[in-house]
Amino acid sequence: MELSFNREAMTEALQRIVGAAEKRLTMPILGNVRVRPDESGGMRLETTDLELAWSAHASGNIPAECDTTVSVRKLLDVVKAAPGESEIRASLDAERMSVGFGGSRFSLATLPGADFPDWEAGGILAAVDVPQNRLRRLLEATMFSMAQQDVRYYLQGLLLVATGHTLRAVATDGHRLALAEIELDQPVENRIERIVPRKAVAELKRNLIDDDQAVRIGFAEDQMVFELGSAVLRSKVIEGRFPDYERVIPADLPATLVVEREVLKRALARVSIVASDKYRGVRMVLGPAGCQVMTHNADREEAQESVEASYDGPEMEIGFNLGYLQDVLNVIETDSVRIGLRDGNSSILIQAEPPGGARYVVMPMRL
């Protein structure tokens, strides 16, 4: 059984879908890519770890009866090793795929395509089209706040909410919260929300490009579907009740700090040199003179920075996790940021200046 395909097209398709293949190999076939004919012509390539699945198209010649699986990472490495723009030929014989180009030949183990797990496609309840660059920015603005290895499994994902003309993304780990929105060209009739697992969010972001090509987001009963041209990413959703994030966002904050984003970033980076590796705490002292940030560690080493800023409010001291502040400053795109405060023991609200778009809540830290 003979196959042939172009190096560039196959490399692009395999690089897109390799992230869904299982690395721990609890089932050997989960480390493989399924190769079979596509209904529209060429090849259909599929990978899955049983929680999410990629499907992509690659041009090439493939027999109608072909249905096999081979290690996706080994096949990708072999294809990438071929000279640019070369036509690669492969043949299937018993339990082997032989791949060759020029004077090189590779023999890779295969498993039957019939043994590859089928992904049960659910009915789409609602779908929205979003430019890839806008969706990418939405993910970048929020995904860093997802929890990691938290027993509250519903925090280990990103909440997507489609309602009216708005698509909202929310993430929290219990100590901080990120919320951002983008406008939809076409409204959604009924509010619908799903929690997308961390790995699926990372895979989606990795494959989004910085232009206005549309990605279709489908909300199904127990899964999410993301269509990027001829490639499709499917992911199971996290069952559970996401926290009432709107109650967490503080309102009527009497004190306001406005500071240039890069100035504050550089100040935090400098004091981080002596910050405790374990707690990463930083204290902010606010008053008529503006803002001072300072930190210390167990060896009694200290660092202090005076930051030029505009502060309107009572004198106040408040502590934070240094990394949480840096994460927010890294994703805000405006020159200045606005920080709303109540007192030294309450959460703060960080926004762009002028306010609009994303909102970030950071809980204080005792130092």
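In helix α6 (residues 261-271), R261, L264, A267, L268 and V271 are buried. Buried means under 20% relative accessible area, with exposed over 50% and partly exposed in between (1.4 Å probe, protein chains only). These residues share one side of α6, because they cover an arc of only 135° around the axis. That arc is taken from the directions from the helix axis to the C-beta atoms. An α-helix has 3.6 residues a turn, so residues three or four places apart point the same way. The buried residues of α6 pack against β16 (255-260), β17 (281-287), β18 (290-296), β19 (302-307), α7 (322-331) and β22 (336-341). Helices (H or I, at least four residues) and strands (E, at least two) are DSSP runs, numbered from the N terminus.

The model is predicted: local features need pLDDT of at least 70, side-chain atom pairs count only at pLDDT 80 or more, and totals for chains, interfaces and linings use all residues. Residues are numbered from 1 along each chain as its sequence is written, and side-chain values use heavy atoms, without hydrogens and water.

Now the cores. A nonpolar core is a set of buried Ala, Val, Leu, Ile, Met, Phe, Trp, Tyr and Cys residues joined through side-chain atoms within 4.5 Å. The largest has 104 residues; L14, L45, L135, L167, V293 and L341 touch the most other members. Strand β12 (residues 176-197) gives the most to this core, 7 residues. Apart from it lies another core of 13 residues, including V161 and I249.

Last, a loop. S86 sits between α2 (72-81) and β7 (87-93). S86 counts as buried because its relative accessibility is 15%. Leaving aside neighbours within four places in sequence, S86 is in contact (heavy atoms within 4.5 Å) with F5, N6 and R7.
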